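Dear colleague,

Here is the structure I promised to pass on to you. Please look it over first, and then read my notes on what was found in it.

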Amino acid sequence: MVAPGTPPPDSLPSAFRASDDDRENVIRILRDGSVAGRLSNDTFLKRVDRALRARRVDELAGLHSDLPPVPGEGTGPGPGANLWSWLAGRLRAVRAGAAWPAARLPRLVLPRGPRTVFTIGRSPDCDLPLGDITVSWHHAELRRADQAWVLVDLGSKNGTRVNGWRADSGFAVRAGDWVSFGAAAFRLADPA
């Protein structure tokens with residue numbers, strides 16, 4: 001619904017039209033929110049679809065304005081805030097590495113040896129016991145398949161993710177990937 005006195009979308013100046021860069025920036029913000037658990041996967045997919053269809057910048061701003069703030073970051077553009085300066089600040093933070101939490105994650109070293117299955121969870125009998133309350137008792141398994149590793153979620157309540165993607169039935173992982181078990185996140189590393 002268009003507010004009284006607002007020109008029809010097709011008559012807006014081109015400065016208000018959303019560019020591909022505008023869409024990519026908003027999708028990046030939505031992806032970061034989804035990875036951080038501030039946005040459900042279903043909501044993320046719906047909003048990405050809306051971002052790809054958006055014709056105006058104000059349509060894009062509404063797609064992420066309700067995301068809870070990331071601790072230590074700005075709260076994003078609010079009513080009357082300058083969307084462009086906020087997006088430019090986010091881009092500078094990404095280039096500086098400040099917006100990528102994965103760079104500061106603790107390392108999780110991939111195991112060596114003949115064993116092929118390692119359990120991860122809150123239970124003390126797991127191979128990797130995690131004390132985080134968002135981790136299920138038996139949360140996930142790390143399985144060796146030939147020379148590769150596969151991370152499999154064991155039906156956990158808060159999910160297992162690899163680089164932001166759900167690892168329900170299994171996801172191939174390698175050193176450098178970041179994984180999360182509920183809110184507990186790690187960067188995978190080689191044993192060397």
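Among the contacts (heavy atoms within 4.5 Å) between residues at least 6 apart in sequence, 43% join residues at least 24 apart. Please bear in mind that this is a predicted model, in which local features need pLDDT of at least 70 and side-chain atom pairs count only at pLDDT 80 or more, while totals for chains, interfaces and linings use all residues. Residues are numbered from 1 along each chain as its sequence is written, and side-chain values use heavy atoms, with hydrogens and water left out.

The protein has 4 helices and 10 strands (DSSP runs of H or I with at least four residues, and of E with at least two, numbered from the N terminus). Five of the strands form an open sheet with mixed pairing, in the order S3-S2-S4-S5-S8, where strands count as paired if DSSP finds at least two bridges between them. Strands S3 (128-129) and S8 (171-173) are at the edges with a single partner strand each, so one side of each has no neighbour in the sheet. Strands S2 (residues 117-121) and S4 (residues 140-145) run antiparallel and are joined by 4 bridges, and Phe118 has Leu142 in S4 as its bridge partner.

Leu142 is also one of the residues with the most contacts inside the largest nonpolar core, which has 18 residues (a core being buried Ala, Val, Leu, Ile, Met, Phe, Trp, Tyr and Cys residues joined through side-chain atoms within 4.5 Å, with buried meaning under 20% relative accessible area for a 1.4 Å probe, protein chains only). S10 gives the most to this core, with 3 residues.

Best regards

How values were computed: Buried means under 20% relative accessible area, exposed over 50%, partly exposed in between (1.4 Å probe, protein chains only).
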